[in-house]
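Please look over the sequence and the structure shown here before reading on. The briefing is meant to be followed with the structure in view.

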Amino acid sequence: RLPDGELALAWYDRSRGNLMFSQSSAGSFLGVVPTLVDGEGPDGDDEDMEPDDLGDVGAFPALMVEDSGRLHVTYVDATRDQLLYTVIGEGRAIEVVDSGLRGGAQESEELLVGDDSNLMLLSDGTLQVVYQDASQHDIILRQRPADAGWLPPVIIAGDEETYTGAYGFYLQQLQVSGEHVLLSYRIHTAEGLRDVVVLPVD
């Protein structure tokens, strides 16, 4: 919700592979024209006279509204299997939070990252995002300090020596009694287990 009480909404236009945004007017979306955030660009040197397709982007969007009304959003670029971030309405460049690439030139792998991301702004201005590595069912955390770029990714859960389940579904960050915690739906098929776990975040 925006500071003036209006609603803000980001969603994935699956038919066109675009990330869209809209905010209500007088408490209603009736007559409001949605804004294209990512997925299409100006028509290039072709004959179709249509906007150029920039890829299948916008799945699993997470929108966070600052007290000032600034709009942060993360979302999946399904064409390149990576997690993207931008600030809506500022003409800001789109940043890659996680490309999914791991390893070096000699040995590398490409992971499916970014599903079910969730954003939080910490008290010192650091932007914190959690998301799923769908290839290994881990929860990954990355931070972006106010005066720096993205810090290296940290695995919060899923890489335990003894398997305890698949993590990273429906992630939600919360402040509870001054403590920062993370909620995740977990699936452990062999144990017949499906539950919500609460994980501390340092």
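Predicted model: local features only at pLDDT ≥ 70, side-chain atom pairs only at ≥ 80, totals over all residues.

- Strand β6, made of residues 57–65, and strand β7, made of residues 71–77, run antiparallel and are joined by six bridges.
- Within this pairing, M64 has H72 of β7 as its bridge partner.
- The two strands β6 and β7 form a hairpin in which five residues lie between them, and G69, which is in the turn, has a positive phi of about 100°.

**An open sheet of three strands**

- Three strands in the order β16-β17-β18 make up an open sheet, and their pairing is antiparallel.
- The edge strands are β16 (166–176) and β18 (193–200), each of which pairs on one side only, and the twist from one strand to the next averages 20°.
- Eight bridges connect strand β17, residues 179–188, with β18 in the antiparallel sense, and L183 stands opposite V198 of β18.

**The surroundings of E95**

- E95 belongs to strand β9, which covers residues 95–98, and with a relative accessible area of 16% it counts as buried, because the cut-off for that word is under 20%.
- The side chain of E95 makes a polar contact of 3.1 Å with the side chain of R92, and another polar contact, of 3.0 Å, with the side chain of R144.
- When neighbours within four places in sequence are left aside, E95 is in contact with L83, L84, Y85, R144 and W150.

**Two aromatic pairs**

- The count of aromatic pairs comes to two.
- In the pair of Y85 and W150, the ring centres are 5.7 Å apart and the planes stand at 80°, so the pair is edge-to-face.
- Because Y85 lies in strand β8 (residues 82–88) and W150 in the loop between β14 (138–144) and β15 (154–157), this pair ties together parts that are 65 residues apart in sequence.
- Y85 is buried, with a relative accessible area of 2%, and W150 is also buried, with a relative accessible area of 16%.
- In the pair of Y170 and Y185, the ring centres are 6.0 Å apart and the planes are at 65°, so this pair is edge-to-face as well.
- This pair links distant parts of the chain, with Y170 in strand β16 and Y185 in strand β17, 15 residues apart.
- Y170 counts as exposed at 61% relative accessibility, whereas Y185, at 24% relative accessibility, counts as partly exposed.

Note on methods. Residues numbered from 1 in each chain as written. Heavy atoms only, no water. Pairing = 2+ DSSP bridges. Helix = DSSP H or I, 4+ residues; strand = E, 2+ residues; numbered from the N terminus. Axes fitted to C-alpha atoms, helices over the stretch in contact; angles between N-to-C directions. Buried < 20%, exposed > 50% of the residue type's maximum accessible area, 1.4 Å probe, protein only. Polar contact = N/O pair within 3.5 Å; in protein donor to acceptor, adjacent residues only side chain to side chain. Contact = heavy atoms within 4.5 Å. Phe/Tyr/Trp six-rings, centres within 6.5 Å; stacked < 30°, edge-to-face > 60°.
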